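Thanks for coming. I will go through one structure today, starting with its sheet and then moving to a few single residues.

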Amino acid sequence: MQSRLNPYLNFPGTARQALEFYHQVFGGELVVNTFGEFGNPDPELSDQIMHGQLESPNGFTLMASDLAPGVAYQPGTNITISLSGDNHDELTGYWKQLSAGGSVTVPLELQMWGAEFGQCVDQYGISWLVNISQPGS
């Protein structure tokens, strides 16, 4: 899979509605996973979106999630840039450069969904997600 760069939006509990709206606008395939599907037993959080992804027929990719508990919603700062793919060396190189001089929010390491994942804020205040999947997945 070629590496991709796309926006990742955060919402205060309205990610499902927003993704369904964008799905109506752009078409394509929408896949959503809830916090409950990943083992969170909190009934107030279990139906919230942990990760949603819209792939449009013309190649647009839009990702979104509801904010985790304790994370403040700040309109205007609710977008993150996501880098994803299966080229480990390329994406690890981007990670090292983006996180240098910034701050690491989530260390780049193997996650429960089978990919290496990390989150950082670069030296200019931009939030980045890096997800490195296994080749062919």
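First, the ground rules. This is a predicted model, in which local features need pLDDT of at least 70 and side-chain atom pairs count only at pLDDT 80 or more, while totals for chains, interfaces and linings use all residues. Residues are numbered from 1 along each chain as its sequence is written, and side-chain values use heavy atoms, with hydrogens and water left out.

Now the sheet. Eight strands form an open sheet, in the order β2-β3-β4-β1-β5-β8-β7-β6, with mixed pairing. Which strands stand at the edges? They are β2 (29-34) and β6 (103-110); each has a single partner strand, so one side of each is left without a neighbour in the sheet. From one strand to the next, the twist averages 20°.

Some terms. Strands are DSSP runs of E with at least two residues, helices are runs of H or I with at least four, and both are numbered from the N terminus. Two strands pair if DSSP finds at least two bridges between them. In general, strands of a sheet pair through backbone hydrogen bonds, either parallel or antiparallel.

β6 and β7 (residues 116-121) run antiparallel and are joined by five bridges. Valine 106 has glutamine 119 in β7 as its bridge partner.

Next, the helix. α1 lies across β1 (4-11), β2, β3 (49-55) and β4 (61-66), and runs at about 170° to β2. Such angles run from 0 to 180 degrees between N-to-C directions, with axes fitted to C-alpha atoms, for helices over the stretch in contact. Contact means heavy atoms within 4.5 Å.

Valine 25 lies in α1 (residues 15-26).

Compare serine 82, in strand β5 (residues 79-85). Serine 82 counts as buried because its relative accessible area is 4%. Leaving aside neighbours within four places in sequence, serine 82 is in contact with Arg4, Leu5, Asn6, Tyr8, Met63 and Leu129.

Last, glutamine 134, in the segment after β8 (127-132). Glutamine 134 is partly exposed, at 43% relative accessibility. Not counting residues up to four places away in sequence, glutamine 134 touches Asp86 and Gly114. The C-alpha atoms of glutamine 134 and glycine 114 are separated by 7.6 Å, with the two residues 20 apart along the chain.

Methods
Buried means under 20% relative accessible area, exposed over 50%, partly exposed in between (1.4 Å probe, protein chains only).
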